[in-house]
Amino acid sequence: MTDIEKRILELRAAIDYHARRYYVEDAPEISDFAYDKMYAELLRLEEENPALFDPASPTQRVGGTALDKFEKVTHTAPMNSLSDVFSFEELLEFLDRMSATLDHPPVYSVEPKIDGLSVSLRYENGVLVRGATRGDGVVGEDVTQNIKTIFSVPLTLKEPLSLTVRGEVYMSRATFERINQKREAEGQALLANPRNAAAGSLRQLDPKIAAERKLDIFVFNLQEGALYADGHAPTSHTETLDRLSELGFTVLPHRIKTDMKMGVFAHIEKIGRMRDELAFDIDGMVIKIDDLADRALLGEGTNTPRWAVAYKFPPEQKKTKLLDIELAVGRTGVLTPTAILSPVRLAGTTVSRATLHNEDFIREKGIMLGDTVTVQKAGDIIPEVVAAHPELRDGSQRVFVMPTHCPSCGEPVTRDKDEAAAVRCTNSACPAQLSRGIEHFASKNAMDIEGLGPQVVELLLKNDLIHDAADLYSLRAEDIAELERMGDRSAANLIASIEASIKAGLERLIFALGIRSIGQVTATALAARYGTLEALFVATAEELCRIEDVGQITADYVVDYFSHPQNVALCQRLIAAGVETAAIAAPRGDKLAGLTFVLTGTLPNMSRDEASDLIRAAGGKVTGSVSKRTSFVVAGEEAGSKLTKAQALGVPVIDEEALLRMLENN
């Protein structure tokens, strides 16, 4: 072995050691400068000696080039999901069922349910060869280059074993806060929560971007392969995780093994109390049969194992101070009150604002300015005030009174006759309505103009470059580039996105106009019925009411919208700008006629919009909410509350593959 080979091996070993001390164990032993110096030397030596390349070198953690797309991966061992329970009563039913099925007292492993993205890691002869997302449990995406950027993922194991493990990729709270602080300073949209941030980071086509996000992982299962070179097999889940830890994996923390039902409940309550103290988010606890032979006896259900269940924590609630109430004016003129709160950590993020819905909500809840209030996140996403605490008042609280004039334009407001709780600005030229209307026009489900967020809209309005949505199509890159925080590249990207939106289609355009009560489903129905935007100009309420999904109130809103000359003029200017209003093609088949679908989660091979288009083309209907009338829920990875509701209502749940089978004869 040459001196250069020896030095490269020394550097790789040292860098791996210190990276683990820094990134995984949070106990660095050397300075960043010393680490960077070693890394730079290794990089130089590898570049000068390409014959000594090693895919397991620490320099390869961020060595991949950007991809055009992710390749599909079929899991050799299915990555099933777990059944959920939402109360101790439901959990007790599971525990009792385990006791009744087995002829001896079950032993349980109780561990945190990390709120992240599930992946599989494949090792051959101890070397990481592939990392893949769960996808639908059968087919995922190859994200190997991004997986390599996670320092807690070993590139080589301590023994040359061939195996596949499953883990949960997550973003720590500290990293999430750091990224959002940086994005806020740069005027970018904030990431919603650590789970979404982790999922989005892992699916970046450029691994260098993924590396900047500082993701982490906990491994929690052996999918396939041998853990010992001599063929010895673990007998329990606990032994499996202990062995995986010995091989170099970071395994689930805060787990216990117990044969007592009260021990299960006690540990769940203990971890529930600790949630705020953890460095990562959890959304529940997983209770598994620990003995692997017992698991084999209990077997697997259709999509979930019979030997495990996930206990989901109820929405986290916190008390904080209501400092003020701000009023926002929406695109239809409705004044929406927002609570300004003393910042509080809630379900993974720091919350300082929460919705109060409307004036009636404030009165019904008895909320006063200065109150101590309880807040939670609806669906773990949108902060809302759920209760006030009159018993904690000190006399300084004040009753909130809705203003008589619009906070944006100063014109009078009125109580809406159609929406009793809505207070609406009477000025159709209100600047706030204009701004929100353009934001809606550009939104993802409307014309999908990427880069035209609230701050850019305000910038364009402030600089008198636009006055309505039609003006977007006469913008020039050179005018935008001169604006604050824009520049040539941002301007060029925005213009390209605006030009691409010309072909968005009639149903998106109808939705983008922001007509009251017209959502995506109704916009699709109107586009299919009338074929062109011009035909909709002269539609009567009687005609409209004959369309499924259109009632009298909605029909009146459509007729009223096109009765105003300024709205028709806006549409005509959009048409003159080249925005396509071609007729929607008739369904190509009727295979799904009479069936109603709801889509939730991330599908493995197509977007939800693409799946919706296929369903509609086959005569089916797509809606946004689950009810007893829903025929099927199509669920992908990270499916949320819609999946839970479907299970509660007994609505059939299918995956992308099952949907495609239903469509294959169309």
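Which side chain does Ser152 join in a polar contact of 2.4 Å? Hold that thought for a second while I get the housekeeping done. What we have here is a predicted model, where local features need pLDDT of at least 70 and side-chain atom pairs count only at pLDDT 80 or more, while totals for chains, interfaces and linings use all residues. Residues are numbered from 1 along each chain as its sequence is written, and side-chain values use heavy atoms, with hydrogens and water left out.

Okay, back to the serine. The partner is Asp216, side chain to side chain. By polar contact I mean a pair of N or O atoms within 3.5 Å; within protein, one has to be able to donate a hydrogen and the other to accept it, and residues adjacent in sequence count only if both atoms are side-chain atoms. The Ser152 side chain also reaches the backbone nitrogen of Ile217, at 3.4 Å. Where does Ser152 sit? In the loop between helix 4 (144–147) and strand 7 (163–170). Helices (H or I, at least four residues) and strands (E, at least two) are DSSP runs, numbered from the N terminus. And Ser152 is buried, at 4% relative accessible area; buried is under 20%, exposed over 50%, partly exposed in between, with a 1.4 Å probe and protein chains only.

Two strands pair if DSSP finds at least two bridges between them.

Let's zoom in on strand 3, residues 108–114. Six of its seven residues are buried, so the rest of the structure largely encloses it. Strand 3 runs antiparallel to strand 9, with three bridges: Val110 is opposite Ile256, and Ser109 is opposite Lys257. With strand 10 (residues 282–289), strand 3 is antiparallel again, over seven bridges, and there Pro112 faces Met285.

Last stop, two helices. Helix 3 (88–101) and helix 9 (261–274) pack at about 145°, axes 11 Å apart. Those axes are lines fitted to C-alpha atoms over the stretch in contact, and angles run from 0 to 180 degrees between N-to-C directions. Who meets whom? Helix 3 brings residues including Phe88, Leu91 and Asp96, and helix 9 brings, among them, Lys261, Phe265 and Glu269; contact means heavy atoms within 4.5 Å.

That's the tour!
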